[in-house]
Structures are given as C-alpha cells and as structure tokens.
Amino acid sequence: MFTIGFDPEFFLVDSNGKFISAVGLVGGSKDNPLPIGNGCAVQEDNVAIEFNTPAIELKGSVESVAKQVHEHFQYVFKYIEETVCKPNGLHISKAASAIFDADQLQTEAAQTFGCDPDYNAHTGQENPKPKGPEGLRTCGGHIHIGYSNPDKEINTEIILLMDAYLGTQSVLDDSDSRRRLLYGKAGAHRHKPYGVEYRTLSNYWIFDYESILKVIKKLSMFFNTSEYFGVIVKEATMFDDDAYEQTQVAIDYNDKRLAKYIQDNYCTEVAF
C-alpha cells in the first residue's frame with residue numbers, strides 16, 4: 001500500500017509586495033514542528049513557512065485523494081492567514097522563488113540552508129550545496145512516497161518515473177525556472193525509513209484543487225496499490241537510458257519542447 005505525504009513551503013509578502021521573512025512569526029522548527037491540529041504542523045524554514053500534512057493512502061478515486069490533499073493544504077493556509085497574516089498585515093505568496101531584501105536576511109535562520117544533502121537518482125551522486133544570486137530564496141513542493149519494506153533500488157525507480165511523469169509536466173506548468181539555480185534539479189531525492197522523498201517540484205501546484213488533482217493523476221498512472229513492485233518495474237521498462245537522459249535534460253534546462261515530447265510519447269497510463 002502506497003502512502004503520499006507532503007512538506008511544501010511558501011513565502012509571505014506585505015501589502016506593497018515586499019517579501020517578508022517568516023522568522024519569528026510562525027514558530028516551529030525542523031526538529032520540533034508546531035502542531036496546528038488536523039494532523040498538520042508548521043515550521044520556519046529559512047525565510048519561508050514549511051508545513052507538514054498527514055500521510056494519505058494512494059487508493060480509491062484520484063478525485064477523492066486530491067480532495068483530501070487540497071483540504072489539508074487549505075487548512076494550513078487558513079491557519080496562517082488567521083494567526084500570522086492578519087495580525088501582521090501580510091499575505092501568502094504563490095511565488096516559487098523570490099529575491100529578498102538584505103534587511104530580511106539578517107538572522108541566522110535566514111542564512112541557513114537545508115542541512116541534509118539530497119541526491120540525484122540519475123547519477124547516484126550527492127547534489128552540491130545550493131549557491132545562487134544574493135538574496136534568492138525558493139520554495140519546494142516535495143512529495144513523500146511510503147510503502148512497506150522500502151528498498152533503495154525501488155526508490156530510484158520511483159524517482160526516475162516521477163521525473164518523467166511529474167518533473168517534465170512541471171516544466172510545462174510551472175512558470176518559475178529560477179528556483180533550479182538552487183534546488184529542484186532532475187532526480188532530486190532523499191531516501192527515508194518509510195520510502196523516498198521527491199524534491200524536484202516547486203510549490204507551483206499546491207494552491208488550487210485543479211493543480212493538485214493533476215499531480216495526483218500523474219502519480220496514479222504508474223502506482224498500483226496492490227502490485228506496486230511489479231507495476232513500477234513494468235512501467236520502468238518503457239524507458240531506456242536515452243529516455244531517462246532526455247528527461248533529465250528537459251528538467252534541468254527547462255526544455256518545454258522536450259518535456260512535451262516525453263509526456264506525449266512515454267507518460268501513458270499503465271493498463272493493469
């Protein structure tokens with residue numbers, strides 16, 4: 001049985017559109033997220049707000065799963081609106097990347113980037129520490145996949161297929177390409193005790209039901225809850241080394257033409 005979970009991030013802006021650091025406004029940390037009810041928690045992550053939602057079984061209709069995800073996300077947004085935005089005259093931003101003014105980056109937290117490395121499923125190598133233009137900060141829309149007896153080889157197959165189905169679709173749907181200067185290269189992942197975390201997507205898809213539904217539909221195309229090992233392997237056989245290389249190029253270089261080619265020629269629904 002597959003489960004999916006999420007830890008997206010988002011920024012705050014003031015009424016003039018200036019990006020405002022969330023440090024000191026939200027509470028919670030990586031080690032001690034702040035529970036806010038409904039199985040959700042929030043935390044400060046660099047200058048952004050990160051939140052966690054309960055794991056959901058990937059079963060039933062695509063629409064029912066997407067509805068659950070959307071409800072969890074909206075619950076968090078409402079909490080932030082009431083407890084952080086209204087008292088401070090701020091708003092939730094949908095930006096995936098932003099340049100923050102120097103006055104918002106004076107805290108230690110604002111200078112601290114992800115402490116745990118992530119890895120490239122295409123090469124097996126650790127991704128380099130992020131380094132980009134001064135003041136650039138970004139938001140991810142990471143997806144966590146859980147399953148029984150997780151295996152690193154299966155994890156790698158999952159991530160490569162998520163690149164093909166979700167990563168290339170994000171090239172077509174995500175209007176932001178600047179985030180990949182820091183994060184979100186093809187195959188970005190972390191192995192977890194329960195499975196694997198896919199770190200390529202930005203937060204572009206988290207704010208409305210239709211975008212969430214599209215992501216869940218892409219997942220449903222190659223995940224089957226009863227025969228997941230066989231299905232992943234079956235779907236992986238559709239992709240040779242050249243196809244995976246094209247996938248990596250499409251994502252890393254934001255190549256929309258190549259991304260559409262992969263979507264049209266490879267990312268079809270598995271017939272179980």
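Tutor: A cavity, as the word is used here, is a set of grid points where a 1.4 Å probe fits but cannot get out, whereas a pocket is an open set. With that in mind, and remembering that this is a predicted model, we find that the structure holds one cavity of 30 Å³ or more, and that the space in the largest cavity comes to about 30 Å³. Its lining is made up of Asp174, Asp176, Ser177, Arg179, Arg180, Thr200 and Ser202, and by class these residues comprise four charged and three polar, with no nonpolar residue at all.

The second largest pocket has a volume of about 330 Å³. Its lining consists of 21 residues, among which Asp118, Asn127, Pro128, Pro130 and Leu182 are nearest the centre of the pocket. Sorted by class, that lining holds nine charged, eight nonpolar and four polar residues.

Turning to the helices, α2, which spans residues 152–173, and α6, which spans residues 256–265, have axes that come within 8 Å and cross at roughly 140°. Because only angles over 145 degrees count as roughly antiparallel and those from 65 to 115 as roughly perpendicular, α2 is oblique to α6. The crossing of these two helices is left-handed. On the α2 side the contact is made by Ala164, Tyr165, Thr168, Gln169, Val171 and Leu172, and on the α6 side by Lys256, Ala259, Lys260, Ile262 and Gln263. Grouped by class, the contact of α2 with α6 brings together six nonpolar, three polar and two charged residues.

Helix α6 also packs with helix α5, residues 241–252, at an angle of about 140° and with the axes 8 Å apart. That angle makes α5 oblique to α6, and the crossing of α5 and α6 is left-handed. Here Gln246, Thr247, Val249 and Ala250 of α5 meet Leu258, Ala259, Tyr261 and Ile262 of α6, a set that divides into six nonpolar and two polar residues, with no charged residue.

Technical notes: Residues are numbered from 1 along each chain as its sequence is written. This is a predicted model: local features need pLDDT of at least 70, side-chain atom pairs count only at pLDDT 80 or more; totals for chains, interfaces and linings use all residues. Side-chain values use heavy atoms; hydrogens and water are left out. Axes are lines fitted to C-alpha atoms, for helices over the stretch in contact, and angles run from 0 to 180 degrees between N-to-C directions. Helices (H or I, at least four residues) and strands (E, at least two) are DSSP runs, numbered from the N terminus. Angles under 35 degrees count as roughly parallel, over 145 as roughly antiparallel, 65 to 115 as roughly perpendicular and the rest as oblique. A crossing is left-handed if the near helix is turned anticlockwise from the far one by less than a right angle, and right-handed if clockwise. Contact means heavy atoms within 4.5 Å. Ala, Val, Leu, Ile, Met, Phe, Trp, Tyr, Cys and Pro count as nonpolar, Asp, Glu, Lys and Arg as charged, and the others, Gly among them, as polar. On a 1 Å grid over the protein atoms alone, a cavity is a set of points where a 1.4 Å probe fits but cannot get out, and a pocket is an open set with protein on both sides within 12 Å along at least five of seven lines; lining residues have an atom within 4 Å of a point. Grid points are joined across faces, edges and corners, and a volume is the space filled by probe spheres set on the points.
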